[in-house]
Amino acid sequence: MTEVGAPREERIRRALDHLRNDTTDEFEHLTWFEPVEFTDPEIAKRERDRVFGRVPTIVAHGSEIPRAGDFFTLQLPRNNVIVVRQRDGSVKTLVNQCRHRGAMVEKEEKGRCRLFSCPYHRWSYDTDGTLRTITRDNTFGDADRSERNLVQLPTEERHGFIWVVDDANATIDVADWLGRDMDDILSSQDLGTKVTTRVQVFEEPVNWKLMQDAFLDGYHIQYAHPNTAAKHIHTNVMAFEDFGHHCRFMNLRKTIDRWIEEDPGDRSLAEHTTETYFIGPNSTLLRQPDHYQLLTFRPHPSDPQQCRMEIRLVCPTLEDSGMTEERWNRIWDKNVEILVAVLHNEDFPILRDSQRAMTSANAGNMLLGRNEVANQVFRREIQTLVSEN
Ligand code: FES
Ligand SMILES: [Fe+2]
């Protein structure tokens, strides 16, 4: 497959030049923004409706529900849902609410079942959401059964991930939302052959955009992570490409330093980089040498000052890895442990305090620099979606 955008080695050399010159890829302008964007319930509602209710977002990797009847439940910004694998291999997302008197049909986080059975009066539904049984229906009366199926949300599986638009009246077209560039990039990563392992969930008292922003930021590394990430990754040096709703950026590892003075010639410098894809509106996919880390951020269904962050490692299967099971487990345990420690000890405290700072009555406006390129894309795209009708 031909490369999308500038060839990788060319982008690495552009980043290396930035490192030599103490520069980085930049936007043309600074951007101002207001603290109310992180605290206002009206703005939060518009984001839930116009962002999450309109465009596809990743809810899981397909490998998390491999067999027919496998399901998980999830609170999306607008709907509490059950995501379930069908007998024909497709995936459906059902609103987790009984069509009798509205009880929650499934309360387990994860499982496998043949039908969903409501705990209140035991109506039951097929895994595709079709109403199967009305208990004691000789006394219940004539309900139109075809009107009583569980409500479905538009769902598609693509590039190994399950995508959902969080509105029953919407349609879904993941390729269209990704656009040619991001669709080609994701398809070239072969993510469908990989598996999710080590899912971690964090419910944090932070607006989802503040959280997402921290994982698009190449400027804070040296200051917020001096003894961890900054030992390995250069700060504020990025080769960046804007793909509209999405973007891609490359950071340099410090192992590249010998090539600051020396000419690397034609050799590949790929091992000295980390590449990140921002998959709008709410995911960061980090490409590591032997696996991917997917970070997703979702607003709370009502409180602008809370969000849910999920981390997944997306890895080669045990068979494809050629590792022993013990080594395979050890590597991913270690990997997620390091990542989670950095988040807990270094990012989350700053972000929780940022959220509190935003609630000051006289919080002033704030600035995104020209160097904060991926953050600029994120903000621009959310603003566009929220202001479009
Ligand atoms: S609310 Fe579900 S069966 Fe009555
Ligand atoms: Fe960080």
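## Two domains

The C-alpha centres of domain 1 and domain 2 sit 33 Å apart in this predicted model. As for who owns what, the domain assignment of the protein chain puts 8–56 + 179–387 in domain 1 and 57–158 in domain 2.

## Where the domains touch

How many residues of domain 1 are in contact with domain 2? The count is 16, and they meet ten residues of domain 2. The largest share comes from β18, with three residues.

What kinds of residues make up that side of domain 1? Eight are nonpolar, five are polar and three are charged.

Now for a look at β12.

Strand β12 pairs with β2 (residues 57–61), running antiparallel and joined by four bridges. In that pairing, T57 stands opposite V164 of β12.

Strand β11 (residues 155–158) is also antiparallel to β12, again with four bridges between them. Here E156 is the residue standing opposite W163 of β12. Strands β11 and β12 form a hairpin with two residues between the strands, and in this hairpin H159 takes a positive phi near 55 degrees.

Technical notes: Residues numbered from 1 in each chain as written. Chains lettered and ligands numbered in written order. Predicted model: local features only at pLDDT ≥ 70, side-chain atom pairs only at ≥ 80, totals over all residues. Pairing = 2+ DSSP bridges. Domains from an automatic or database assignment. Contact = placed C-beta atoms within 7 Å. Nonpolar A, V, L, I, M, F, W, Y, C, P; charged D, E, K, R; others polar.
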